[in-house]
Amino acid sequence: MATIILAKPQRSIFLLILFFTIFSFSTSLAITEDPSDEVFSKFISPSSLGLTKREKLSHLHFYLHDIVSGKNATVIRVAGATNAKRTASTSSPFSFGSVYMIDDPLTMKPDINSTMVGRAQGLYSYASQSELSLLMVLNFAFTHGKFNGSTLSVLGRNNVLSTVREMPILGGSGVFRFARGYAQAKTYSINFFEAIVEYNIYVFHY
């Protein structure tokens, strides 16, 4: 067998090349991913979702009809302590703990027979033992005009006895993807059968 004799400089270069070859091979084995692995997250360009346009600020104005009784009621109580289960801490004149599911019509004018623009769907709960304050969790689902099929999501505190209540808009869908803004609610009229609430919404969206 012939023996290869390398000069000292050549031997050094040869060993260096051999080292990097072995290192590269072992590294490639170490970082090889299982092809079955799924990517959990990645950065993408905003333009891929059409977010290159400037944001618009829209003002929406409508009336919500919360019908609490009668054959056309749009509210149903779904939870709350019964009288037998009330304790000193839950016995409250403000119905603390009661939860109501709603599917309220939204109209252009206070008259419920005026043009319907959508529905408020979600729930509100009596969240205070010392005042008439509601936790609002709902979607405004629009069915009219350029916002047909789009929604806005509200999550906030509604102090019912205040003249104007302000609640945050957390987001939306359709035209209102990436939406942000706020809703102002003002009681237009109220009786034992129906509460009509005027809403002004100011929302940024693309």
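S45 counts as partly exposed because its relative accessibility is 37%; partly exposed lies between buried, under 20% relative accessible area, and exposed, over 50%, with a 1.4 Å probe and protein chains only. The residue sits in the loop between α1 (8-31) and β1 (56-67). Its side chain makes a polar contact with the side chain of S47, at 2.6 Å. A polar contact is a pair of N or O atoms within 3.5 Å; within protein, one must be able to donate a hydrogen and the other to accept it, and residues adjacent in sequence count only if both atoms are side-chain atoms.

This is a predicted model, in which local features need pLDDT of at least 70 and side-chain atom pairs count only at pLDDT 80 or more, while totals for chains, interfaces and linings use all residues. Residues are numbered from 1 along each chain as its sequence is written, and side-chain values use heavy atoms, with hydrogens and water left out.

**The protein as a whole**

The protein has 1 helix and 9 strands, in the order α-β-β-β-β-β-β-β-β-β along the sequence. Helices (H or I, at least four residues) and strands (E, at least two) are DSSP runs, numbered from the N terminus. Of the 206 residues in the protein, 29% are buried. The accessible surface comes to about 14,000 Å², and carbon and sulfur atoms account for 61% of that surface; the areas come from the Shrake-Rupley method with a 1.4 Å probe, and for residues only the protein chains shown count as cover. Among contacts with a separation of 6 or more, 51% are between residues 24 or more positions apart. Contact means heavy atoms within 4.5 Å.

**Strand pairing**

Two strands pair if DSSP finds at least two bridges between them. The table lists several pairs.

| Strands | Sense | Bridges | A residue pair |
|---|---|---|---|
| β4 and β5 | antiparallel | 9 bridges | Y124 and M136 |
| β5 (residues 133-142) and β6 (residues 151-159) | antiparallel | 9 bridges | F140 and L152 |

A hairpin through 6 residues joins β4 to β5. Another hairpin, through 5 residues, joins β6 to β7.

S125 counts as buried because its relative accessibility is 11%. Leaving aside neighbours within four places in sequence, S125 is in contact with S98, V99, S133, L134 and L135. In a regular strand, side chains alternate between the two faces of the sheet.

D66 is placed in strand β1. This residue is buried yet has no salt bridge, that is, a side-chain nitrogen of Lys or Arg within 4 Å of a carboxyl oxygen of Asp or Glu. The nearest side chain of opposite charge is R165, 9.5 Å away; Lys and Arg count as positive and Asp and Glu as negative, whereas His and the chain ends are not counted. The D66 side chain does make a polar contact with the side chain of Y124, at 2.9 Å. Y124 has M136 in β5 as its bridge partner. Beyond neighbours within four places in sequence, the contacts of D66 are T74, V75, I102, D104, Y124, F193, E194 and A195.
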